[in-house]
Structure formats: C-alpha cells, structure tokens
Amino acid sequence: MKNVEAKQKEKIQNLKMLPKHIILVRHGESEGNKDTSAYSTIPDHKISLTEHGRAQARLAGSRLRDLISSHGSYQDWRVYFYVSPYERTRSTLREIGKSFSKKRVIGVREECRIREQDFGNFQVEERMKATKETREKFGRFFYRFPEGESAADVFDRVSSFLESLWRDIDLNRLNNDPSQDLNLIIISHGLASRVFLMKWFKWTVEQFERLYNPGNCEIRVMELGRGGEYSLAIHHTDEELQEWGLSPEMIEDQKWRINANKTDLNDHCKWYLNSFFDNELDSDEDVKEEDIDSDDDSKDIFLDTDS
C-alpha cells in the first residue's frame, strides 16, 4: 500500500513539473501575406507585420493572458516564450508581450529550428505560383522547393527542437517552481506549427496532408491531461479540430488523451496500426491460413509463367 501511495505522489509531483499548456501561435498578418510580391524584393526573414498584423498580435496577447489565468491549477502562473528569428514573429512577440507583466515571464528564447520553411532566396512571384502548383501535384510534405526545403526537412529540424524542449523540461532549465503553472508559448509559422503537431501526436504523412494552415495569430492550445498526456480537445471543440483538417479518428485520439497515461499510448493508436496491418488476421491461425493461401497463389503464378 505504501509503495502505491509513494508512486502516486511521485506521479503527481512529476505532473506538477510539466507545462500546463503548450501553445502554438502563428505570427500576425505580414506584408507578404498582404502582397506576395513583397517576397521578390525583401528577404523572407525581413518581412514585417502590417498595422493590422500588430493589432492581431496585441489581441492575441490579451487572449493568451485570459486563457492562462482562467484555465490554470494555480493563481501564480508563469510563461516562457520560444520565438522564430524572423522579423514578423519577433514583432508578434513584442506585441503579445504587452499583455504580460515582467514577473509572469520566466524567459524568452530565439529558436532557429522553428523558423519558416525555406522557399529559396528572393521569390519571383510568377515562378513561385507555378512551383506551388507543382507542389500540389507532387504532395505538400515531400516536395522540396528549388534552393529551399520540403516540409519533411522542416519536420527534421522541428523534431530536433522538440528533443531540446523536453530536455529543458526534464532538467528544469526553465527554472519552473512546481507551485506555479508553467505555460510554454511558441510563436512560429503556419507550416512549422503543423509539423510540430504532426511530430508530437505521431500523425502520418497522409494525415499531415489533410491539415490546413492556421490563420494569422491563430492560437492552438495543447493542454495537459490528467494522466500526463497533452490534448487539443480540452480547449478546442470538435468543430474547430474538423476545420483544421483532423479526421474523426484523429479527434477521437485527442479526446482519449485527456485521461490517458503515457504508458497507454502505444496500445491505443489502432487507427495508425490499421493502416499497415490487416484487421482480419486476429489470431495465429488466421496468419497460417493466409500463408497457405499465399503459397497456393504463388504456385499458380509459377505454373502460368511456365505455360
């Protein structure tokens, strides 16, 4: 009995060290969003926010503060920011930061690995339009832009960032006090945010292809569930998740995560396993029968070839 109680206390203590929220925010409206010809004369990383984009960011800051202060376990909460080095994300952070007092902010880190997908250098508008049409035919995840990156390339560097993020949490590099709710806010870009969620929730390439880009300053909230898993379904409705492109199976998985324990995860994702394995083969006997049928088919093939 004592061992059970000790394990339960350890589990509660470990949960206290985990961030209450991990929140993804896309930058506000940029000059490139307003007029794509800007990319042909301004380097992508120097594209700035429009006035409307700055207003969006200020509103997002207010929404984030309200969300964190009203959905936490403790009144004493803190935030830590990760931000892409691009001008439009840094400006978004500056506007968002106006909603948080200094005592609430543990720190800020500029993180190159969550930058925008590299589309090449200066982007000639007509050529880029044709290139993106080719991407749609080829597939958005694996298509690599000439002199740039594919979404798969972004996946690799975002995966590396996630490993660093977990080390920061495990080693308490963020100097989190367990009596305070820690909230991580990641200010990045549309594709980087989608790839982040893909990596975190182990979505397939096919599932990634279904996803839609978040809007400017749109907020996507991963909230810590009771068993130590994060879920999008705590803060967001089914309708929102559907609008993002999540399938019914993906939404059910998010709901399952609300109460899931980490040790249960691998056994749960049947919708993932079913895309690789035959559901009808439930026993060893079924497998043996399948092998016999396959052998018979192979013999027929050889006989047909000889004739």
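Let's start with Arg26, which sits in strand S1, residues 21-26. Keep in mind that this is a predicted model. Is Arg26 buried or exposed? Its relative accessibility is 13%, so Arg26 counts as buried, because buried means under 20%. Now its contacts. Leaving aside neighbours within four places in sequence, Arg26 is in contact with Asn33, and also with Ser188, His189 and Gly190, among others. Its contacts also include the run from Asn213 to Glu218.

An unreviewed UniProt entry lists a "binding site" with Arg26, His27, Gly28, Glu29, Ser30, Glu31, Gly32, Asn33 and Arg88. Which of these line the largest pocket? From this set, the lining takes in Arg26, His27, Ser30, Gly32, Asn33 and Arg88.

Take Gly32 next. Gly32 lies in helix H2, residues 31-34. At 2% relative accessibility, Gly32 is buried. Beyond residues up to four places away in sequence, Gly32 touches Ala38, Tyr39 and Ile47.

On to the cysteines. Cys112 is partly exposed, with a relative accessible area of 44%.

Last stop, Tyr143. Where is Tyr143 found? In the loop between helix H5 (125-138) and helix H6 (151-170). Tyr143 is in a loop, and at 12% relative accessibility it counts as buried. Not counting residues up to four places away, Tyr143 touches Thr131, Thr134, Arg135 and Phe138, along with Glu149, Ser150 and Ala151. One distance to finish: the C-alpha atoms of Tyr143 and Asp153 are separated by 9.7 Å, and these residues are 10 apart along the chain.

Key
Residues numbered from 1 in each chain as written. Predicted model: local features only at pLDDT ≥ 70, side-chain atom pairs only at ≥ 80, totals over all residues. Heavy atoms only, no water. Helix = DSSP H or I, 4+ residues; strand = E, 2+ residues; numbered from the N terminus. Buried < 20%, exposed > 50% of the residue type's maximum accessible area, 1.4 Å probe, protein only. Contact = heavy atoms within 4.5 Å. UniProt positions renumbered as here; feature names shortened; annotations may be inferred. 1 Å grid on protein atoms, 1.4 Å probe; cavity = no way out; pocket = protein on both sides within 12 Å on 5 of 7 lines; lining within 4 Å.
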